[in-house]
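User: Could you walk me through how this protein is put together? I'd like to go through the sheets, the helix packing and the ligand site.

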Amino acid sequence: MSSLLSSFAKVSLGFFPTPLHPLTTLSKLLGGPEIYIKRDDHTGLALGGNKTRKLEYILGDVAAKNCDTVITAGATQSNHCRQTVAAAATLGLDCHLVLGGSQPENTQGNLLLDHLLGCTIHWAGENRKGEDIPALFDELKQKGKKPYIVPYGGSNQLGALGYIHGMEELSSQIDKDAFSHFIFASSSGGTHAGMILGRELTKMTGKVVGINIDKDEEADLPFSHRITVLVEETAKILNHPTAFREEELLLNNDYLGDGYGVAGNLEKEAISLMARHEGILLDPVYTGRAMGGLIDMIRNNKFDKDEKILFWHTGGAPALFAYPGCL
Ligand SMILES: *Cc1c(COP(=O)(O)O)cnc(C)c1O
(Lines give C-alpha, C1' and ligand atoms only; values in the text may rest on other atoms or scores of the structure.)
Protein backbone atom coordinates (compact mmCIF):
# COMPACT_ATOMS: atom_id res chain seq x y z
CA MET A 1 0.00 0.00 0.00
CA SER A 2 2.93 2.36 0.44
CA SER A 3 3.19 2.25 -3.35
CA LEU A 4 -0.17 4.01 -3.49
CA LEU A 5 1.32 6.99 -1.65
CA SER A 6 4.74 6.94 -3.24
CA SER A 7 3.65 8.70 -6.43
CA PHE A 8 2.87 11.89 -4.47
CA ALA A 9 5.43 14.62 -3.89
CA LYS A 10 6.35 14.84 -0.23
CA VAL A 11 8.77 16.84 1.88
CA SER A 12 10.12 15.61 5.19
CA LEU A 13 9.02 17.91 8.00
CA GLY A 14 8.90 15.74 11.11
CA PHE A 15 10.35 12.78 12.96
CA PHE A 16 8.47 9.55 12.31
CA PRO A 17 7.32 7.11 13.54
CA THR A 18 5.89 8.92 16.55
CA PRO A 19 5.92 6.90 19.80
CA LEU A 20 3.08 4.67 20.94
CA HIS A 21 2.77 3.67 24.59
CA PRO A 22 0.25 2.63 27.24
CA LEU A 23 -1.38 5.07 29.66
CA THR A 24 -0.96 2.67 32.56
CA THR A 25 -1.76 4.99 35.45
CA LEU A 26 -4.77 6.64 33.83
CA SER A 27 -6.18 3.30 32.68
CA LYS A 28 -5.95 1.95 36.23
CA LEU A 29 -7.48 5.08 37.70
CA LEU A 30 -10.48 4.87 35.38
CA GLY A 31 -10.88 1.12 35.91
CA GLY A 32 -11.94 0.62 32.30
CA PRO A 33 -10.24 -0.69 29.18
CA GLU A 34 -6.52 -0.31 28.62
CA ILE A 35 -5.72 3.01 26.90
CA TYR A 36 -2.70 3.54 24.66
CA ILE A 37 -1.57 6.83 23.19
CA LYS A 38 -0.06 7.65 19.80
CA ARG A 39 2.15 10.69 20.24
CA ASP A 40 1.60 13.01 17.29
CA ASP A 41 2.25 15.81 19.78
CA HIS A 42 5.83 14.70 19.12
CA THR A 43 6.03 15.06 15.35
CA GLY A 44 8.93 17.40 15.99
CA LEU A 45 8.00 20.44 13.89
CA ALA A 46 7.97 23.52 16.16
CA LEU A 47 6.24 21.73 19.07
CA GLY A 48 4.51 19.24 16.81
CA GLY A 49 0.96 18.18 16.07
CA ASN A 50 -1.17 16.45 13.48
CA LYS A 51 -0.78 19.13 10.81
CA THR A 52 2.85 18.10 10.31
CA ARG A 53 1.78 14.88 8.57
CA LYS A 54 -0.63 16.73 6.28
CA LEU A 55 1.87 19.45 5.46
CA GLU A 56 4.44 16.91 4.28
CA TYR A 57 2.20 16.21 1.28
CA ILE A 58 0.75 19.70 0.84
CA LEU A 59 4.16 21.39 0.88
CA GLY A 60 5.42 18.60 -1.37
CA ASP A 61 2.94 20.00 -3.88
CA VAL A 62 4.06 23.58 -3.15
CA ALA A 63 7.66 22.59 -3.91
CA ALA A 64 6.66 20.66 -7.04
CA LYS A 65 4.83 23.74 -8.32
CA ASN A 66 7.74 26.06 -7.49
CA CYS A 67 5.59 28.41 -5.45
CA ASP A 68 7.40 30.83 -3.15
CA THR A 69 4.66 31.91 -0.75
CA VAL A 70 2.05 30.01 1.24
CA ILE A 71 -1.19 31.42 2.59
CA THR A 72 -3.41 29.75 5.13
CA ALA A 73 -6.12 30.63 7.62
CA GLY A 74 -7.26 29.73 11.09
CA ALA A 75 -8.21 30.90 14.55
CA THR A 76 -5.85 33.03 16.65
CA GLN A 77 -4.61 29.91 18.46
CA SER A 78 -4.49 27.73 15.34
CA ASN A 79 -2.04 24.85 15.59
CA HIS A 80 -2.39 24.38 11.86
CA CYS A 81 -1.19 27.94 11.22
CA ARG A 82 1.76 27.57 13.60
CA GLN A 83 2.92 24.35 11.93
CA THR A 84 2.41 25.86 8.46
CA VAL A 85 4.60 28.85 9.34
CA ALA A 86 7.28 26.49 10.68
CA ALA A 87 7.10 24.27 7.59
CA ALA A 88 7.36 27.32 5.32
CA ALA A 89 10.41 28.47 7.30
CA THR A 90 12.21 25.16 6.75
CA LEU A 91 11.60 25.40 3.00
CA GLY A 92 12.50 29.08 2.70
CA LEU A 93 8.98 30.15 1.73
CA ASP A 94 7.14 33.32 2.73
CA CYS A 95 4.05 32.67 4.81
CA HIS A 96 0.88 34.73 5.22
CA LEU A 97 -1.72 33.91 7.86
CA VAL A 98 -5.30 35.08 7.75
CA LEU A 99 -6.44 34.83 11.35
CA GLY A 100 -9.97 35.20 12.68
CA GLY A 101 -10.66 37.95 15.19
CA SER A 102 -8.40 40.88 15.91
CA GLN A 103 -4.95 41.28 17.39
CA PRO A 104 -5.29 40.27 21.06
CA GLU A 105 -3.73 42.29 23.85
CA ASN A 106 -1.37 39.47 24.76
CA THR A 107 0.60 37.68 22.09
CA GLN A 108 0.66 34.20 23.61
CA GLY A 109 0.68 30.50 22.75
CA ASN A 110 0.55 29.65 19.06
CA LEU A 111 0.32 33.32 18.08
CA LEU A 112 3.61 34.07 19.82
CA LEU A 113 5.18 31.16 17.96
CA ASP A 114 3.73 32.38 14.62
CA HIS A 115 5.57 35.67 15.11
CA LEU A 116 8.75 33.93 16.22
CA LEU A 117 8.72 31.55 13.23
CA GLY A 118 8.24 34.47 10.86
CA CYS A 119 5.09 35.31 8.92
CA THR A 120 2.79 38.15 7.91
CA ILE A 121 -0.47 38.17 9.84
CA HIS A 122 -3.74 39.56 8.45
CA TRP A 123 -6.56 39.95 10.99
CA ALA A 124 -9.88 38.93 9.46
CA GLY A 125 -12.49 39.70 12.12
CA GLU A 126 -15.51 37.40 11.76
CA ASN A 127 -13.96 35.52 8.82
CA ARG A 128 -12.14 32.80 10.71
CA LYS A 129 -12.16 30.19 7.95
CA GLY A 130 -10.19 31.93 5.24
CA GLU A 131 -12.93 33.90 3.49
CA ASP A 132 -10.42 36.71 2.86
CA ILE A 133 -7.82 34.51 1.18
CA PRO A 134 -8.79 34.97 -2.51
CA ALA A 135 -8.25 38.74 -2.32
CA LEU A 136 -4.86 38.27 -0.64
CA PHE A 137 -3.91 35.65 -3.24
CA ASP A 138 -4.61 38.14 -6.07
CA GLU A 139 -2.73 40.90 -4.31
CA LEU A 140 0.38 38.74 -3.84
CA LYS A 141 0.23 37.61 -7.44
CA GLN A 142 0.11 41.19 -8.64
CA LYS A 143 3.25 41.82 -6.61
CA GLY A 144 5.03 39.11 -8.60
CA LYS A 145 4.80 36.37 -5.98
CA LYS A 146 3.85 32.74 -6.66
CA PRO A 147 1.37 32.12 -3.86
CA TYR A 148 -0.13 28.77 -2.86
CA ILE A 149 -3.22 28.37 -0.71
CA VAL A 150 -2.92 25.75 2.01
CA PRO A 151 -6.53 24.76 2.79
CA TYR A 152 -8.15 25.44 6.15
CA GLY A 153 -6.82 22.89 8.63
CA GLY A 154 -4.73 21.32 5.85
CA SER A 155 -7.81 19.29 5.02
CA ASN A 156 -7.86 18.42 1.35
CA GLN A 157 -6.96 15.21 -0.45
CA LEU A 158 -3.22 15.82 -0.11
CA GLY A 159 -3.56 16.55 3.59
CA ALA A 160 -5.58 13.38 4.11
CA LEU A 161 -2.71 11.38 2.59
CA GLY A 162 -0.73 12.33 5.69
CA TYR A 163 -3.08 10.30 7.87
CA ILE A 164 -3.17 7.39 5.47
CA HIS A 165 0.56 7.40 5.98
CA GLY A 166 -0.03 7.77 9.74
CA MET A 167 -2.22 4.66 9.78
CA GLU A 168 0.35 2.78 7.75
CA GLU A 169 2.94 3.81 10.33
CA LEU A 170 0.66 2.66 13.16
CA SER A 171 0.04 -0.68 11.48
CA SER A 172 3.78 -1.30 11.57
CA GLN A 173 3.75 -0.68 15.36
CA ILE A 174 0.78 -2.89 16.32
CA ASP A 175 -1.08 -6.07 15.36
CA LYS A 176 -3.95 -5.22 13.07
CA ASP A 177 -6.54 -6.43 15.60
CA ALA A 178 -4.82 -4.93 18.66
CA PHE A 179 -7.23 -2.04 19.22
CA SER A 180 -11.01 -1.91 19.22
CA HIS A 181 -11.14 1.89 18.77
CA PHE A 182 -8.97 4.73 17.50
CA ILE A 183 -10.15 7.93 19.20
CA PHE A 184 -9.09 11.47 18.28
CA ALA A 185 -10.30 15.07 17.95
CA SER A 186 -11.92 15.80 14.58
CA SER A 187 -12.43 19.32 13.28
CA SER A 188 -11.69 20.04 9.63
CA GLY A 189 -11.88 16.39 8.58
CA GLY A 190 -8.50 15.63 7.01
CA THR A 191 -7.27 13.51 9.89
CA HIS A 192 -10.55 11.63 10.03
CA ALA A 193 -10.73 11.00 6.28
CA GLY A 194 -7.12 9.84 6.15
CA MET A 195 -7.62 7.47 9.07
CA ILE A 196 -10.73 5.96 7.49
CA LEU A 197 -8.90 5.22 4.25
CA GLY A 198 -5.73 4.18 6.07
CA ARG A 199 -7.72 1.70 8.13
CA GLU A 200 -9.25 0.27 4.99
CA LEU A 201 -5.90 -0.03 3.22
CA THR A 202 -4.00 -1.52 6.18
CA LYS A 203 -6.91 -3.81 7.13
CA MET A 204 -6.71 -2.78 10.77
CA THR A 205 -9.98 -3.65 12.48
CA GLY A 206 -10.42 -0.95 15.14
CA LYS A 207 -13.22 1.59 14.77
CA VAL A 208 -12.12 5.07 13.72
CA VAL A 209 -14.06 7.40 16.06
CA GLY A 210 -13.69 11.16 15.76
CA ILE A 211 -14.78 13.36 18.62
CA ASN A 212 -16.23 16.46 17.00
CA ILE A 213 -14.94 19.60 18.68
CA ASP A 214 -16.65 22.34 16.63
CA LYS A 215 -20.40 22.97 16.33
CA ASP A 216 -19.70 24.74 13.06
CA GLU A 217 -23.22 26.05 12.57
CA GLU A 218 -22.33 28.25 9.60
CA ALA A 219 -21.09 25.39 7.39
CA ASP A 220 -23.23 24.70 4.32
CA LEU A 221 -22.89 20.91 4.57
CA PRO A 222 -23.00 18.74 7.71
CA PHE A 223 -19.51 17.79 8.92
CA SER A 224 -20.15 14.06 8.51
CA HIS A 225 -20.95 14.68 4.86
CA ARG A 226 -17.85 16.79 4.29
CA ILE A 227 -15.65 14.06 5.79
CA THR A 228 -17.29 11.47 3.55
CA VAL A 229 -16.75 13.61 0.44
CA LEU A 230 -13.09 14.00 1.41
CA VAL A 231 -12.77 10.21 1.84
CA GLU A 232 -14.20 9.75 -1.66
CA GLU A 233 -12.08 12.48 -3.25
CA THR A 234 -8.91 11.17 -1.61
CA ALA A 235 -9.71 7.61 -2.71
CA LYS A 236 -10.05 8.98 -6.23
CA ILE A 237 -6.59 10.54 -6.40
CA LEU A 238 -5.21 7.22 -5.10
CA ASN A 239 -7.13 5.22 -7.69
CA HIS A 240 -8.40 3.17 -4.78
CA PRO A 241 -12.04 2.12 -5.05
CA THR A 242 -13.22 2.71 -1.49
CA ALA A 243 -16.12 0.75 -0.03
CA PHE A 244 -16.72 3.42 2.61
CA ARG A 245 -20.23 4.86 2.98
CA GLU A 246 -21.40 7.83 5.05
CA GLU A 247 -23.61 5.57 7.25
CA GLU A 248 -20.43 3.95 8.58
CA LEU A 249 -18.86 7.23 9.65
CA LEU A 250 -18.29 7.41 13.41
CA LEU A 251 -18.41 11.03 14.54
CA ASN A 252 -19.32 11.70 18.14
CA ASN A 253 -21.16 15.02 18.64
CA ASP A 254 -21.76 14.61 22.39
CA TYR A 255 -18.93 16.82 23.61
CA LEU A 256 -19.35 20.12 21.79
CA GLY A 257 -19.77 21.97 25.09
CA ASP A 258 -20.10 25.72 24.65
CA GLY A 259 -18.54 25.63 21.19
CA TYR A 260 -15.17 25.89 19.51
CA GLY A 261 -12.32 26.77 21.81
CA VAL A 262 -14.39 27.19 24.96
CA ALA A 263 -12.71 25.12 27.67
CA GLY A 264 -15.28 23.82 30.16
CA ASN A 265 -15.13 21.36 33.03
CA LEU A 266 -14.86 18.36 30.68
CA GLU A 267 -11.70 19.70 29.05
CA LYS A 268 -10.21 20.99 32.31
CA GLU A 269 -10.61 17.67 34.08
CA ALA A 270 -9.11 15.72 31.18
CA ILE A 271 -6.13 18.10 30.95
CA SER A 272 -5.58 17.85 34.69
CA LEU A 273 -5.89 14.03 34.86
CA MET A 274 -3.45 13.53 31.98
CA ALA A 275 -0.98 16.04 33.39
CA ARG A 276 -1.08 14.74 36.98
CA HIS A 277 -1.22 11.01 36.28
CA GLU A 278 0.71 10.65 33.04
CA GLY A 279 2.82 13.81 32.77
CA ILE A 280 1.29 14.44 29.35
CA LEU A 281 0.05 17.83 28.20
CA LEU A 282 -3.26 18.05 26.36
CA ASP A 283 -4.67 21.20 24.82
CA PRO A 284 -7.86 23.10 25.73
CA VAL A 285 -9.45 23.07 22.25
CA TYR A 286 -8.95 19.61 20.70
CA THR A 287 -7.23 16.90 22.70
CA GLY A 288 -8.65 18.05 26.05
CA ARG A 289 -12.14 17.74 24.62
CA ALA A 290 -11.45 14.41 22.90
CA MET A 291 -9.87 12.89 26.00
CA GLY A 292 -12.69 14.34 28.12
CA GLY A 293 -15.10 12.53 25.81
CA LEU A 294 -13.16 9.29 26.05
CA ILE A 295 -13.07 9.49 29.85
CA ASP A 296 -16.81 10.14 29.92
CA MET A 297 -17.47 7.16 27.63
CA ILE A 298 -15.34 4.92 29.85
CA ARG A 299 -17.21 6.07 32.96
CA ASN A 300 -20.48 5.32 31.19
CA ASN A 301 -19.30 1.80 30.32
CA LYS A 302 -19.29 2.32 26.56
CA PHE A 303 -16.36 -0.11 26.22
CA ASP A 304 -15.70 -3.65 27.43
CA LYS A 305 -12.91 -3.97 29.98
CA ASP A 306 -10.95 -6.34 27.76
CA GLU A 307 -10.90 -3.94 24.81
CA LYS A 308 -7.85 -1.83 24.05
CA ILE A 309 -8.38 1.78 23.07
CA LEU A 310 -5.94 3.94 21.17
CA PHE A 311 -6.08 7.68 21.84
CA TRP A 312 -4.35 9.60 19.05
CA HIS A 313 -2.74 12.71 20.54
CA THR A 314 -2.96 15.32 17.80
CA GLY A 315 -0.92 18.00 19.55
CA GLY A 316 -2.00 21.55 20.44
CA ALA A 317 -0.44 22.07 23.88
CA PRO A 318 1.10 25.46 22.89
CA ALA A 319 -2.44 26.87 23.13
CA LEU A 320 -2.38 26.16 26.89
CA PHE A 321 -0.34 29.33 27.40
CA ALA A 322 -3.21 31.37 25.98
CA TYR A 323 -5.71 29.65 28.31
CA PRO A 324 -4.63 30.45 31.87
CA GLY A 325 -8.22 29.59 32.88
CA CYS A 326 -7.43 25.91 32.24
CA LEU A 327 -6.03 25.55 35.74
C1 LIG B 1 -6.33 20.56 13.70
C2 LIG B 1 -6.31 19.77 14.93
C3 LIG B 1 -7.17 18.66 15.10
C4 LIG B 1 -8.22 18.27 14.10
O5 LIG B 1 -7.71 17.73 12.92
P6 LIG B 1 -8.54 17.89 11.57
O7 LIG B 1 -7.79 17.15 10.57
O8 LIG B 1 -8.60 19.37 11.30
O9 LIG B 1 -9.91 17.35 11.81
C10 LIG B 1 -7.08 17.93 16.26
N11 LIG B 1 -6.20 18.26 17.22
C12 LIG B 1 -5.37 19.31 17.11
C13 LIG B 1 -4.45 19.61 18.23
C14 LIG B 1 -5.40 20.11 15.96
O15 LIG B 1 -4.57 21.16 15.86
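This is a predicted model: local features need pLDDT of at least 70, side-chain atom pairs count only at pLDDT 80 or more; totals for chains, interfaces and linings use all residues.

User: Which strands are at the edges of the six-strand sheet?

Analyst: The sheet is open, with mixed pairing and the order β1-β2-β10-β7-β8-β9. Strands are DSSP runs of E with at least two residues, helices are runs of H or I with at least four, and both are numbered from the N terminus; two strands pair if DSSP finds at least two bridges between them. The strands that pair on one side only are β1 (20–22) and β9 (250–252).

User: At about what angle does helix α7 run to β10?

Analyst: Angles here run from 0 to 180 degrees between N-to-C directions, and axes are lines fitted to C-alpha atoms, for helices over the stretch in contact. Helix α7 (residues 157–171) lies across β1, β2 (34–39), β7, β8 and β10 (308–313). Its angle to β10 is about 135°.

User: What is the order of the four-strand sheet, and why is one side of β5 and of β6 left without a neighbour?

Analyst: β5 (120–123) and β6 (147–149) stand at the edges and each has a single partner strand, so one side of each has no neighbour in the sheet. The twist from one strand to the next averages 25°. The sheet is open with parallel pairing, and its order is β5-β4-β3-β6.

User: Which residue of β6 stands opposite Ile 71?

Analyst: Strand β3 (residues 69–74) and β6 pair in the parallel sense, over three bridges. Opposite Ile 71 is Ile 149.

User: How do α10 and α11 sit relative to each other, parallel or perpendicular?

Analyst: The axes of helix α10 (residues 265–278) and helix α11 (residues 287–299) come within 8 Å and cross at roughly 90°. Angles of 65 to 115 degrees count as roughly perpendicular, under 35 as roughly parallel, over 145 as roughly antiparallel and the rest as oblique. The two helices are therefore roughly perpendicular.

User: How far apart are the axes of α7 and helix α9?

Analyst: In that contact (heavy atoms within 4.5 Å), Gln 157, Leu 158, Ala 160, Leu 161 and Ile 164 in α7 meet Leu 230, Glu 233, Thr 234 and Ile 237 in α9. The helices pack at an angle of about 85°. The axes of α7 and α9 (residues 223–237) are 9 Å apart.

User: How many residues surround the ligand?

Analyst: A residue counts as near if one of its heavy atoms lies within 4 Å. The closest are Lys 51, Lys 54, Ser 187, Ser 188 and Thr 314. The number surrounding the ligand is 16.

User: What is the distance from a ligand oxygen to an N or O atom in the side chain of Lys 54?

Analyst: For Lys 51, a side-chain N or O atom is 2.9 Å from a ligand oxygen atom, and for Asn 79 the value is 3.0 Å. For Lys 54, the distance is 2.6 Å.

How values were computed
Residues are numbered from 1 along each chain as its sequence is written. Side-chain values use heavy atoms; hydrogens and water are left out. A polar contact is a pair of N or O atoms within 3.5 Å; within protein, one must be able to donate a hydrogen and the other to accept it, and residues adjacent in sequence count only if both atoms are side-chain atoms.
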